[in-house]
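Please open the model in a viewer and keep the selection panel at hand. The stops below are given in the order in which they may be selected.

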Amino acid sequence: MSSPCDPQYAPAGDVGAALMAIDSRLKSVHAGKAETDPEQQKLIDQYIASLSPEGANDVLDGACTLVFIFMEWLRMTHQDHDKDVIEYVLPPLVATLRRMPKSVRPETIPTMAGLVVAAGTGLSPSLWRKQYGDWSEGEMNALEATVFLLAEHINRVTDDPDFATRMVTEALSSADED
């Protein structure tokens, strides 16, 4: 029996825009900067401000698609070692989110954990979240942090600081070719 949260029913959203924001944050952190480059942040802010409500929802769906892609990759990698992805990814993710109280409000952490568990069990994070209503403003930073932390986890696992971004970029490129 198919679930209403099956990924086949989920919009992919604007994965490119979501990936751009995450890649920008990853590069800033790897460059040793706690803050995003002001000029780059200005460009991101201008882009976000230019979005229509539908465009903003597309970026949210794109971020959820990234959560799904990253968790799928992590799930397959952990299965290769007879390990459960939820057991090995979720506790450190939640612990890190809890250490970010300026960016991630504590009440958003259960939602982010739910997105990760949904993706880790093969469900669409976007459709799973939609059943609870509209996104709150506080969830935006938490979602960005969640996608960032999953990408960074993958980069650490592969010992390649660009692996997560490259994996998605290559998947998007091959999809465009088909």
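The model is a predicted one.

Asp-159 is not a glycine, and its place is in the loop between α7 and α8. The residue counts as exposed because its relative accessible area is 71%.

A second residue of this kind can be selected at Asp-82. Its phi is near 55°, again a positive value in a residue other than glycine. Asp-82 is found in the loop between α3 and α4, the latter covering residues 85-98. With 76% relative accessibility, Asp-82 is classed as exposed.

## The largest pocket

Return to α7 and display residues 137-158 together with α1 (15-30), α2 (38-50) and α3 (53-79); each of these helices supplies at least two residues of the lining of the largest pocket. The volume of this pocket is about 500 Å³. Its lining comprises 22 residues, of which Ala-21, Ile-48, Val-59, Met-140 and Glu-144 are the closest to the centre. Which helix gives the most to the lining? That helix is α1, with 7 residues. Colouring the lining by class shows 15 nonpolar, 4 polar and 3 charged residues.

## An aromatic pair between α3 and α8

The model holds 2 aromatic pairs. For one of them, select Trp-73 and Phe-163: the ring centres are 5.4 Å apart and the planes stand at 55°, so the pair is tilted. Trp-73 belongs to helix α3 and Phe-163 to helix α8 (residues 163-177), so the contact ties together parts that are 90 residues apart in sequence. Are the two partners buried or exposed? Trp-73 is buried, at a relative accessible area of 17%, whereas Phe-163 is partly exposed, at 23%.

While α8 is displayed, select Thr-169, which is also found in that helix. Thr-169 counts as partly exposed, with 36% relative accessibility. A distance drawn from Thr-169 to Arg-25 gives 16 Å, C-alpha to C-alpha, for two residues that are 144 apart in sequence.

## The cysteines

Select Cys-5 and Cys-64 next. How many disulfides does a search of the whole structure find? The search finds 0. Cys-5 is in no disulfide, and the nearest cysteine sulfur, that of Cys-64, is 11 Å away.

## A last stop in α5

Finally, select Leu-115, found in helix α5, which covers residues 109-120. Leu-115 counts as buried because its relative accessibility is 0%.

Note on methods: Residues numbered from 1 in each chain as written. Predicted model: local features only at pLDDT ≥ 70, side-chain atom pairs only at ≥ 80, totals over all residues. Heavy atoms only, no water. 1 Å grid on protein atoms, 1.4 Å probe; cavity = no way out; pocket = protein on both sides within 12 Å on 5 of 7 lines; lining within 4 Å. Points joined across faces, edges and corners; volume = space filled by probe spheres on them. Helix = DSSP H or I, 4+ residues; strand = E, 2+ residues; numbered from the N terminus. Nonpolar A, V, L, I, M, F, W, Y, C, P; charged D, E, K, R; others polar. Disulfide = S-S within 2.5 Å. Phe/Tyr/Trp six-rings, centres within 6.5 Å; stacked < 30°, edge-to-face > 60°. Buried < 20%, exposed > 50% of the residue type's maximum accessible area, 1.4 Å probe, protein only.
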